[in-house]
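Hi everyone, thanks for coming. Please have a look at the sequence and the structure on the screen, and then I'll walk you through them.

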Amino acid sequence: MTSISWNGFDDINGENIWTDGENIYYSERDEQYKLNKETNTWEEISWSGNLFFNGCDIWTDGNDIYSLEGTSDQYKLNKDTNIWEKITWNGFGNIYGRYIWTDGENIYYSNDDNQYKLNKETNTWESMTWNGLTNFYGSSIWTDGENIYRSSGEIQYKLNKETNTWEEMTWNGLTNFYGSYIWIDGNDIYYSSGLDHYILNKETNIWHKITWNYDSGFSGRYVWTDGENFYVSVGYSSQYRLEK
C-alpha cells in the first residue's frame, strides 16, 4: 500500500463513499463531496432536498438510489434533477440503508429482530421469519458471488435458498470473523480486521492468511474503489492506495 494525499478534502472514512453508477461521492452528515477523478480532488457539493446524511446508509435496488436513516429521513434520488425527494414506505418505515441486503433476487431488511422482505410491486416491506436464524443484521451478510453467508463472531451461517433456511457452517483457516470486514476486489475475497488479513480460496473453501505491504492494521469496512484503484481511508491520518 502507498500513502496518498487527496486534494480538497482528506478526512475520509471509506464506509461513507458511494456511487450513482457514474460519479463517486463522500457523505458524512454535513460534509458532502464529489470526486473529480481527473484532478484527484474532492469538490464540495450541496444536494437539493437532503443536506445531511451518511454514505453508509445509501443503497440501491438496482435502478433507484435511496438514502434511508430512520423514520424521518427517507429519500429517493431523482437522477434527472439531482434532487433527493422525500418518500414513505409501506409496511415498515424505520429503515437504515446499512441493514439492507439482497440474495440476488429479493431485497431484505435485517436489523436485530426486525426482519422484512421488500415487495417490489407494491413497494411494501413485508414482515418475515427466517428458518434457523431469526435475529441478525444485514451488515453481517456477504456473498462469494454464488452463496449467501452471515458472519458475526464464532457462529457462521450459509443460506439454503431452496428451503429459506440459515444453516450453521464452519470455515477452514478462519473461524471467528464479521461480514462487515469482508471486501472484494472484483476477483478475490478478503477479510481485513486490524492485523488479521485473509484471502478466500473459493475452490477449497479455505481462508489463507496474507500480509499486505503495510505497517499497520486496517478494517475491510474502510476499503473502497473508484472503479480502477482500491483505497483504505480512515480519517486524516490513514489514506492509502492499494498496490497489488
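Let's begin with a pair of side chains: Arg-221 and Glu-15 meet in a salt bridge, at 2.7 Å from N to O. By salt bridge I mean a side-chain nitrogen of Lys or Arg within 4 Å of a carboxyl oxygen of Asp or Glu. Arg-221 sits in the loop between β25 (206–209) and β26 (223–225), and Glu-15 in the loop between β2 (12–13) and β3, so this pair ties together parts that are 206 residues apart in sequence.

Before I go on, a word on where this comes from: it is a predicted model, in which local features need pLDDT of at least 70 and side-chain atom pairs count only at pLDDT 80 or more, while totals for chains, interfaces and linings use all residues. Residues are numbered from 1 along each chain as its sequence is written, and side-chain values use heavy atoms, with hydrogens and water left out.

Are those two residues buried, exposed or in between? Arg-221 is partly exposed, with a relative accessible area of 35%, and Glu-15 is partly exposed too, at 26%. Here buried means under 20% relative accessible area, exposed means over 50%, and partly exposed is in between, using a 1.4 Å probe and protein chains only.

How many salt bridges are there by this rule? The count comes to 5. Another one joins Arg-29 and Glu-69, whose closest N and O atoms are 2.8 Å apart. Arg-29 belongs to strand β4 and Glu-69 to strand β9 (residues 65–70), 40 residues apart, so to speak of the chain, this pair links distant parts. Arg-29 is partly exposed at 25%, whereas Glu-69 is buried at 10%. Strands here are DSSP runs (E, at least two residues), numbered from the N terminus; helices are runs of H or I with at least four.

Strand β3 (residues 17–19) runs antiparallel to β4 (residues 24–29), with 3 bridges joining them, and Ile-17 stands opposite Tyr-26. In their hairpin, which has 4 residues between the strands, Gly-21 takes a positive phi near 100 degrees. On to β5 (residues 31–36): β4 pairs with β5 in the antiparallel sense over 4 bridges, and the hairpin joining them passes through 1 residue. What stands opposite Ser-27 in β5? That is Gln-32.

Finally, the whole protein. How many helices and strands does it have? The answer is 0 helices and 28 strands. Its radius of gyration, taken over C-alpha atoms, is 19 Å, close to the 18 Å that the globule rule (2.2 Å times the number of residues to the power 0.38) gives for 244 residues, so the protein is as compact as a globular protein of that length. Buried residues make up 46% of the 244.

Key
Pairing = 2+ DSSP bridges.
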